[in-house]
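Biologist: I have a model open and want to learn how to read its features. Can we take them one by one?

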Amino acid sequence: MTGLSVEMLAADAVEPITSAGNAQLGIAVLAGIAVIVLLITKLKVHAFLALTIGSLALGSFAGAAPAKTIASFTAGLGSTVAGVGVLIALGAILGKLLADSGGADQIVDTILAKASGRAMPWAMVLIASVIGLPLFFEVGIVLLIPVVLLVAKRGNYSLMRIGIPALAGLSVMHGLIPPHPGPLVAIDALGANLGVTLALGVLVAVPTVIIAGPVFSRYAARWVDIPAPEKMIPQRPSEDLDRRPGFGATLATILLPVVLMLVKALVDIVVDDPGNGVQKVTDVIGSPLIALLAAVIVGMFTLGRAAGFTRGRLSSTVEKSLAPIAGVLLIVGAGGGFKQTLIDAGVGQMILDFSEDWSIPALLLGWLIAVAIRLATGSATVATISAAGLVAPLAADMSTPEAALLVLAVGAGSLFFSHVNDAGFWLVKEYFGMNVGQTVKTWSLMETIISVVSLVFILLLSLVL
């Protein structure tokens, strides 16, 4: 999972909180992760507490001063909640409006009527890919989860059969396709052409998302056969509504933030002038916060008022939407705190030090470095930036297609095996009501499949180009 903006990356480049050597740091990383897994799986400690204790253990094993470890953890928690927390809250409000007004029912009824049986996973991966193109991963999740859970519940589908294709669509877009921050910064670092990278990225993304989504979901559904968690399912309105929003109005409300962010991305590419008045406007309205806020405000009219809600009922809906996500916010925030502790301890630099003497092809080198940093820090964006910076000298003599493929190889590596140090791991776990083991067998494995399969297609393209 990513940091939420390019600006946040600057916060990662700080003096290490410890002077430990690479061997001690490697042991500290393994010990910190082991503490978290042991606390959650064996002692049944709440994930928020486990992540907090694991971060402190990591700092202790690395020889960092407790005050510096605490400062890193709280800074990471704060920046993660600042970046993701408001988006999750706005997404929860929009989801509750969709549910209480009958808008989600309208969407689900239409999807179930148009696509059923074997076609449903394919419909979900298509919807997720389209919605995920301009959206940050976290925003896409909070927009899609209510629909995924309702389709699984009402259509009597396995949650993994529906959820994995949706997650795969979002994740592939996030790792491989500009205008997501990781690929954009890698394009800049490697001097690649944005249009060529986008075109080749789509070529790689299509077969990858098919294999990691609808195909893999068949096996994931057998390994983890769980129902949609009741506490996360948007509940039907307690009283019968005289009317509910139309399909067109509901779909337009859901897609509004997608359109606003896509417009921003297109203007940034076409105009590419920060001083331009049009770009200044789209930079504001296309930011995730404003785009989702706009959807919530519009939804109060297109969903709430369309269903006959009074002002009091609208206020009550908003209030009720926020209570269920408190635990999710804390866990995701603590995951961000653990990630920042890893980064501040110098784990990213440790990986770069180890990789300096590797003598392998540039595409594979970029992928391996990104994989190592992703596993150590949990951040796809940090992995992309660090790996792109390291292999940048190799791109100087590359052709345009080769440089674009190097960007994609780094992006593919940054998605490898999401685990307990990734805030996205906890986001998916909580939303889908899984335990740690189930999340590893589904979400973590799906991310690994995306990473490996996309690398295979990138290497095949390199032979052709």
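Modeller: Start with handedness. This is a predicted model. In it, the crossing of α3 and α4 is right-handed.

Biologist: How is such a packed pair described, and what are the values for α3 and α4?

Modeller: Two packed helices are described by the angle between their axes and the distance between the axes. Here α3 covers residues 47-61 and α4 covers residues 66-101. Their axes lie 9 Å apart, at an angle of about 140°.

Biologist: Which residues of α3 and α4 meet?

Modeller: From α3 come Phe48, Leu51, Thr52, Ser55, Leu56 and Gly59. From α4 come Thr69, Ile70, Phe73 and Leu77. By class, the contact of α3 with α4 has six nonpolar residues, four polar and no charged.

Biologist: Now α10 and α19. At what angle do they pack?

Modeller: At about 55°, with the axes 9 Å apart. So α10 is oblique to α19. The crossing of α10 and α19 is right-handed. On the α10 side, the contact uses Val196, Thr197, Leu200, Gly201 and Val204. On the α19 side, it uses Thr400, Pro401, Ala404, Leu405, Val407 and Leu408. Eight residues of the contact of α10 with α19 are nonpolar, three are polar and none is charged.

Biologist: And how do α5 and α11 cross?

Modeller: Their axes cross at roughly 105° and come within 9 Å. Here α5 spans residues 103-114, and α11 spans residues 247-270. Gly103, Gln106, Ile107 and Thr110 in α5 touch Phe247, Thr250, Leu251 and Ile254 in α11. The contact of α5 with α11 divides into four nonpolar, four polar and no charged residues.

Biologist: Let's turn to rings. How many aromatic pairs are there?

Modeller: A pair of aromatic rings is described by the distance of the centres and the angle of the planes. The count here comes to four aromatic pairs. One of them is Tyr219 with Trp223, at 6.3 Å centre to centre and 35° between the planes. That pair is tilted.

Biologist: Where do Tyr219 and Trp223 sit along the helix?

Modeller: Both are in α10, residues 194-223. They are four residues apart, so about one helical turn separates them. Tyr219 is partly exposed, at 39% relative accessible area. Trp223 is partly exposed as well, at 45%.

Biologist: What geometry does the pair of Trp367 and Phe416 have?

Modeller: Their ring centres are 5.9 Å apart and the planes meet at 90°, so the pair is edge-to-face. Trp367 is in α17, residues 362-377, while Phe416 is in the loop between α19 and α20. The pair therefore ties together parts that are 49 residues apart in sequence. Trp367 is buried, with a relative accessible area of 9%. Phe416 is buried too, at 17%.

Biologist: Which rings are linked into a cluster?

Modeller: Phe216, Tyr219 and Trp223, through ring pairs.

Biologist: Next, single positions. Is Ser217 buried or exposed?

Modeller: Ser217 is buried, with a relative accessible area of 0%. This residue is found in α10. Leaving aside neighbours within four places in sequence, Ser217 is in contact with Met160, Arg161, Ile164 and Pro165.

Biologist: What does Leu342 contact, leaving aside its neighbours within four places in sequence?

Modeller: With those set aside, Leu342 is in contact with Val29, Leu58, Val347, Ala376, Thr377 and Asn421. Leu342 lies in α15, residues 326-345, and is buried at 0% relative accessible area. For a distance, take Met261, which is 81 residues from Leu342 along the chain. The C-alpha atoms of the two are separated by 31 Å.

Biologist: Last, the backbone. What phi does Asn156 have?

Modeller: A positive one, about 55°, although Asn156 is not a glycine. Asn156 lies in the loop between α7 and α8. Its relative accessible area is 71%, so Asn156 is exposed.

Biologist: And what phi does Phe417 have?

Modeller: Also positive, about 35°, and Phe417 is not a glycine. Phe417 is in the loop between α19 and α20. At 28% relative accessibility, Phe417 counts as partly exposed.

Definitions and conventions: Residues are numbered from 1 along each chain as its sequence is written. This is a predicted model: local features need pLDDT of at least 70, side-chain atom pairs count only at pLDDT 80 or more; totals for chains, interfaces and linings use all residues. Side-chain values use heavy atoms; hydrogens and water are left out. Axes are lines fitted to C-alpha atoms, for helices over the stretch in contact, and angles run from 0 to 180 degrees between N-to-C directions. Helices (H or I, at least four residues) and strands (E, at least two) are DSSP runs, numbered from the N terminus. A crossing is left-handed if the near helix is turned anticlockwise from the far one by less than a right angle, and right-handed if clockwise. Contact means heavy atoms within 4.5 Å. Ala, Val, Leu, Ile, Met, Phe, Trp, Tyr, Cys and Pro count as nonpolar, Asp, Glu, Lys and Arg as charged, and the others, Gly among them, as polar. Rings of Phe, Tyr and Trp (its six-membered ring) pair if their centres lie within 6.5 Å; planes under 30 degrees apart count as stacked, over 60 as edge-to-face and the rest as tilted. Buried means under 20% relative accessible area, exposed over 50%, partly exposed in between (1.4 Å probe, protein chains only). Angles under 35 degrees count as roughly parallel, over 145 as roughly antiparallel, 65 to 115 as roughly perpendicular and the rest as oblique.
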